Amino acid sequence: MKWNLLPMDELVRRLEPPRGKVKMVLDTDTYNEVDDQFALAYSLLSPEKLEVLAVYAAPYFNDRSSGPEDGMEKSYAEIVRLLEKMGRPGDGFVFKGSRSYLPNGETPVESEAARDLVKKALAMPDGELLYVVAIGAITNVASAILMEPEIVKKISVVWLGGHPLSASTAREFNLMQDVPAARVLLDCGVPFTLVPCMGVASHLLATVPDMKEAIGGKNALCDALVELFGEYSSDHFGWAKEIWDVSTIAYLVNPDWIPTVLEHSPLITDDFHWAKDAHRHFIRVATFAHRTPVFRDLYRKLAQA
């Protein structure tokens with residue numbers, strides 16, 4: 001597909017880390033992992049920096065679903081359930097996403113989420129970007145871009161996906177769920193910040209004792225998250241688990257916590273490696289995640305919810 005890329009100087013300007021308050025939507029496969037629930041709560045509990053306009057349920061397929069559609073439906077229900085615990089209505093705020101992955105790099109998958117993203121992006125005032133935070137398969141976002149390529153000029157995407165560009169493989173769950181969608185994102189020229197998993201977001205480890213000490217007993221939301229987190233292991237002795245989805249929210253709350261650099265947008269080879277091409281447009285890539293300030297901010301906000 002032929003993309004109408006932004007001029008390089010304009011793209012680089014739009015790739016600058018956000019320093020003020022931003023409007024955002026969150027695209028999440030919430031039932032797939034516990035970190036999505038933390039990221040959703042974190043975004044809603046950061047009104048000083050984030051105005052969350054909508055939440056989209058993303059598809060996923062693993063042992064927690066019978067297929068992409070089932071994963072999306074379960075994620076939709078989980079989003080609504082979490083919002084209820086926070087006393088927030090879901091009507092007109094939560095939208096169902098794609099029921100399948102992209103069949104190729106040119107054909108979108110219609111969904112309420114993709115249509116709403118197009119609508120909200122096109123409604124953004126000139127000079128203001130809608131931040132699209134994605135923490136699952138990138139199907140909904142790629143579909144919206146394919147449905148209306150003009151939104152590339154209206155949005156900035158922050159996606160947890162893949163591994164560092166220097167890694168021996170790009171094979172990671174979010175990316176592997178829908179490779180054609182990932183290629184759309186990397187090729188279309190949208191202002192895009194990639195937060196890799198291993199070696200970057202994987203620094204955001206939590207433990208049950210740490211979590212109980214910080215937020216246990218603070219409120220119903222905290223207790224539900226602590227219980228859900230603990231269920232991921234039957235033996236908590238010396239055990240820690242990544243809460244890596246919160247990295248994307250932390251980047252918008254304070255970009256200094258998730259440092260980034262400009263890189264040429266990579267290609268994904270057919271054997272799932274990154275390929276570099278210095279003639280391609282720029283994206284921004286996270287290089288590290290500072291755990292302490294991120295978790296201090298997250299736990300403080302959860303405890304005060």
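Trainee: Which strand do two bridges join to strand β6 (residues 192–195), the two running parallel?

Mentor: This is a predicted model, in which local features need pLDDT of at least 70, side-chain atom pairs count only at pLDDT 80 or more, and totals for chains, interfaces and linings use all residues. Residues are numbered from 1 along each chain as its sequence is written, and side-chain values use heavy atoms, with hydrogens and water left out. Strands (E, at least two residues) and helices (H or I, at least four) are DSSP runs, numbered from the N terminus. Leu-194 has Val-285 as its bridge partner, and the strand that two bridges join to β6 is β12 (residues 282–286).

Trainee: How many bridges join β4 to strand β5 (residues 155–160)?

Mentor: On one side, strand β1 (residues 22–28) runs parallel to β4, with Lys-23 bridged to Leu-130. Towards β5, Val-132 has Val-157 as its bridge partner. β4 and β5 also run parallel, and the number of bridges that join them is five.

Trainee: Is Thr-30 buried or exposed?

Mentor: Thr-30 is in the loop between β1 and α2. Contact means heavy atoms within 4.5 Å; leaving aside neighbours within four places in sequence, Thr-30 is in contact with Asp-36, Gln-37, Ser-75, Glu-78 and Ile-79. With a relative accessible area of 0%, Thr-30 counts as buried.

Trainee: What is the length of the polar contact that joins the side chains of Thr-30 and Thr-28?

Mentor: A polar contact is a pair of N or O atoms within 3.5 Å; within protein, one must be able to donate a hydrogen and the other to accept it, and residues adjacent in sequence count only if both atoms are side-chain atoms. The contact between the side chains of Thr-30 and Thr-28 is 2.9 Å.

Trainee: Which residue caps the N-terminal end of α9?

Mentor: Eight of the 11 residues of helix α9 (residues 220–230) are buried, so the helix is largely enclosed by the rest of the structure. Its cover includes α2, α3 (68–85) and α11 (291–303). At the N-terminal end of α9, a side-chain oxygen lies 3.2 Å from the backbone nitrogen of Leu-221, and that oxygen belongs to Asn-219.

Trainee: How many residues of helix α2 (residues 34–44) are buried?

Mentor: The buried residues of α2 include Val-34, Asp-35, Phe-38 and Tyr-42. The helix is largely enclosed by the rest of the structure, because the buried residues number 11 of the 11.

Trainee: Which backbone nitrogen does the side chain of Thr-269 reach?

Mentor: Thr-269 is in the loop between β10 (267–268) and β11 (274–275), and at 23% relative accessibility it counts as partly exposed. Phe-272 lies in the loop between β10 and β11, with phi near 65°, a positive value in a residue other than glycine. At 2.9 Å, the side chain of Thr-269 reaches the backbone nitrogen of His-273.

Note on methods. Buried means under 20% relative accessible area, exposed over 50%, partly exposed in between (1.4 Å probe, protein chains only). Two strands pair if DSSP finds at least two bridges between them.
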